Amino acid sequence: SGAGHDAGEPFGIGKGMAGDGAPRHVVYVLDISGSMSSRIDRVEMEVRRALRGLRPGETFNIVAFSDEVRTFDTSMAPAAPDLVRKASAYLDTLEVGGGTNLEGAMAKALSLPGVNEVVLLTDGVPTNEDGPYPKEEFPRIAREINRFNRQRARISAVGMIGKNPD
């Protein structure tokens, strides 16, 4: 949980975080790479809590990524109780393993129509088939993510650290 005026809200994401109190249209981007095995239960618990906090008129999606990128839905889903339950069940299907395709996951999240907030949960360094990206690549990845963000969504990154963080 974050600190400040929204303390107690999942990841510190509380009311009005879309900017002006407008409805949130949130995409939760979850790193499910191999290094997340000791953290995934906490991530799933917090995402479930965040989903339960969505209000009528708000929408959401979940993008899970390792080597590949998967989504809960093909578009933004209304924050209706039945869809929140389905999303919770979807979290149970996620299997940890593989690399960290951050660029692909963020491209997918930011391509969803109407998204105004992205919450990224990761513990590691982006990787590709050759291993971790060198640090010199980080500015390029940041530029690409900025380019993908045509809707100017707020992006919050939550570092899931613990034993053996990358």
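Me: Helices (H or I, at least four residues) and strands (E, at least two) are DSSP runs numbered from the N terminus. So where is the place of Asn149?

Reply: This is a predicted model, where local features need pLDDT of at least 70, side-chain atom pairs count only at pLDDT 80 or more, and totals for chains, interfaces and linings use all residues. Residues are numbered from 1 along each chain as its sequence is written, and side-chain values use heavy atoms, leaving out hydrogens and water. Helix H4 covers 138–148 and strand S8 covers 154–159. Asn149 sits between H4 and S8, in the loop.

Me: Is Asn149 buried or exposed?

Reply: Its relative accessible area is 5%. Buried means under 20%, exposed over 50%, partly exposed in between (1.4 Å probe, protein chains only), so Asn149 counts as buried.

Me: Which residues is Asn149 in contact with, leaving aside neighbours within four places in sequence?

Reply: Contact means heavy atoms within 4.5 Å. With those sequence neighbours set aside, Asn149 has Leu110 and Ile155.

Me: What is the relative accessible area of Leu91?

Reply: Leu91 belongs to helix H2, residues 81–93. Leu91 is buried because its relative accessible area is 0%.

Me: How many Å apart in space are Leu91 and Val47, C-alpha to C-alpha?

Reply: In sequence, Leu91 and Val47 are 44 residues apart. In space, their C-alpha to C-alpha distance is 8.8 Å.
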